[in-house]
Amino acid sequence: RLVSMTEMLNKALEGKYAVGQFNINNLEWTQAVLEAAEAEKSPVILGVSEGAAKYMGGHLVVASMVNALLETMDITVPVALHLDHGTSFDSCKSAIDAGYSSVMIDMSHYSIDENIENTKKVVEYAHSKGASVEAEVGTVGGTEDGITGGVQYADAQECLRMVKEGNIDALAAALGSVHGPYEGEPKLGFDEMKEISELTGAPLVLHGGSGIPEHQIQQAIEYGHTKINVNTECQQVWTAAVRDKLATDSAVYDPRKVIGPGKEAIVKLVRERMTVFGSSNKA
Ligand code: G3H
Ligand code: ZN
């Protein structure tokens, strides 16, 4: 019952809202995001980085867990299971073969020709299996899963080539956003964003979605963003809630009670984000 991102993102483009990608790390995390989506009647994308997949025991464990939860939790909203920042064709293929409905192939650190070439291969395979593909042009800055990089703005003509030649379903055009916490106010390239959106007409993806003020989120949606990735904010509220539990309850030792507040904090955050992104009641 997992679906690809294609239909949800095209609907979002038309309806001028964005679907959140929330990265998951374990069972409770996944339950929290699904619970929030169902409560908000919102489509949702579960993001899994290669590192998170490895941590959870591999793609088969993740896909099996998610599929089981869709059934046992009676989830009725559209859910995509998406490989976040896939680094190779093989990595994307193994996710799809395990049951993921969507992948990102991130060849943004290579030349545009190599990036398009590799993306094409992934698209061919993914589409033959009904899965969607996101590609990246330019580079998102900051640190995620220990991978640190500088910001490099996406070039509009390269974006157009990627969309046309790559036949992708969603485009992450890096325009100043960074992974992890921002230092000061984020500075997104809105002029470039408008140009790329108008030129390509593609559903755009905003990486580094944590910590971006609401007016900038709305502007990004106005300029074609249909998917906003949130990882750091979930990690921050989870950790704050668990830290608070441990600090205020020195007698606690049941792990379910230790990390329970973390799950509740994620449900609350994800519901808020869905309201801000405008995806609530769009399922
Ligand atoms: O791919 C995942 C997101 O781009 C994470 O962004 O660190 O701002 O939550 P974030
Ligand atoms: Zn990202």
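## Where Gly-180 sits

Gly-180 lies in the loop between β9 (178–179) and α8 (190–200), where helices (H or I, at least four residues) and strands (E, at least two) are DSSP runs numbered from the N terminus. Because 16 C-beta neighbours fall inside 10 Å, Gly-180 counts as partly exposed; a residue is buried with 20 or more other C-beta atoms within 10 Å of its own, exposed with 12 or fewer, and partly exposed in between, the C-beta atoms being placed from the backbone.

## About the model

This is a predicted model, in which local features need pLDDT of at least 70 and side-chain atom pairs count only at pLDDT 80 or more, while totals for chains, interfaces and linings use all residues. Residues are numbered from 1 along each chain as its sequence is written, and chains are lettered from A and ligands numbered from 1 in the order in which they are written.

## The annotated binding site

An unreviewed UniProt entry places the feature "binding site" at Gly-180, Gly-208, Gly-209, Ser-210, Asn-229, Val-230, Asn-231 and Thr-232. These residues are spread over 53 residues of sequence, yet they cluster in space, with a largest C-alpha distance of 11.2 Å.

Ser-210 belongs to the loop between β10 (204–206) and α9 (214–222), and Ser-210 counts as buried because it has 24 C-beta neighbours inside 10 Å. Apart from its neighbours within four places in sequence, Ser-210 is in contact (C-beta atoms, placed from the backbone, within 7 Å) with Val-230, Asn-231, Thr-232 and Glu-233.

## Around ligand 1

Of the 16 residues around ligand 1, those that come nearest are His-207, Ser-210, Asn-229, Asn-231 and Thr-232; a residue is near a molecule if its C-beta atom, placed from the backbone, lies within 6 Å of it. Two or more residues of this shell come from each of β3 (79–86), β11 (225–230) and α10 (232–248).

Definitions and conventions: UniProt positions are given in the numbering used here, feature names are shortened, and annotations may be inferred rather than shown by experiment. Two residues are in contact if their C-beta atoms, placed from the backbone, lie within 7 Å.
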